Amino acid sequence: MTTQTPTTHLPPNLSPDSIDTLTELTAILTRLRASQTASASSTIPPPAAGSVTGTTPLPSSSLQSGTFGVKELPAATDNLKHKLQRARAAVRTLPDVARSVEQQERDIAELEARRREQLAMLARIKAVGLEQSKGEDGERMID
């Protein structure tokens, strides 16, 4: 006999935004990369007078806004770390989170068998309905 588990909803503190870490991580890495690029370009000797470099260097003040060095990385990732901790805690509150893989696979197999039975029943109901819709001459009354 199959056991039915009630439909569960996400806890109010667990939303797609609360577990979206890629966006924040990308922003942090972009800022870090910008500061690394800025520091690397400041160590390159200036081009000889009259030579063409092909790019116009940005003023250093614009590079510094929103960028940080490796030493500031732990402080910059604090919010991300706390977001992950809150998401982990919220996931632990979900029902059945401690179930084993074997238990989940058993439930999946039961649900797939139930789905197959329901599809077969629907096919039989459709066949009976089509049969019932035929007139006395064997032609379908409904299209």
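Analyst: Contact here means heavy atoms within 4.5 Å. By that cut-off, and leaving aside neighbours within four places in sequence, Lys83 is in contact with Asp17, Ser18, Asp20, Thr21 and Glu24. This is a predicted model: local features need pLDDT of at least 70, side-chain atom pairs count only at pLDDT 80 or more, and totals for chains, interfaces and linings use all residues. Residues are numbered from 1 along each chain as its sequence is written, and side-chain values use heavy atoms, with hydrogens and water left out.

Lys83 lies in helix H5, residues 78-92. Helices are DSSP runs (H or I, at least four residues), numbered from the N terminus. Lys83 counts as buried because its relative accessibility is 16%; the cut-offs are under 20% for buried, over 50% for exposed, and partly exposed in between (1.4 Å probe, protein chains only).

One of the contacts, Glu24, forms a salt bridge with Lys83. The term means a side-chain nitrogen of Lys or Arg within 4 Å of a carboxyl oxygen of Asp or Glu. The closest N and O atoms of Glu24 and Lys83 are 3.5 Å apart. This pair links distant parts of the chain, with Glu24 in helix H2 (residues 22-43) and Lys83 in helix H5, 59 residues apart. Glu24 is also buried, at 17%.

The structure holds three salt bridges. Lys81 pairs with Asp78 at 3.8 Å between the closest N and O atoms. Both lie in helix H5, three residues apart, about one turn of the helix. Lys81 is partly exposed at 43%, and Asp78 is partly exposed at 33%. Asp107 and Arg99 meet at 2.3 Å, N to O. Arg99 is partly exposed, at 25%.

How values were computed:
Helix = DSSP H or I, 4+ residues; strand = E, 2+ residues; numbered from the N terminus.
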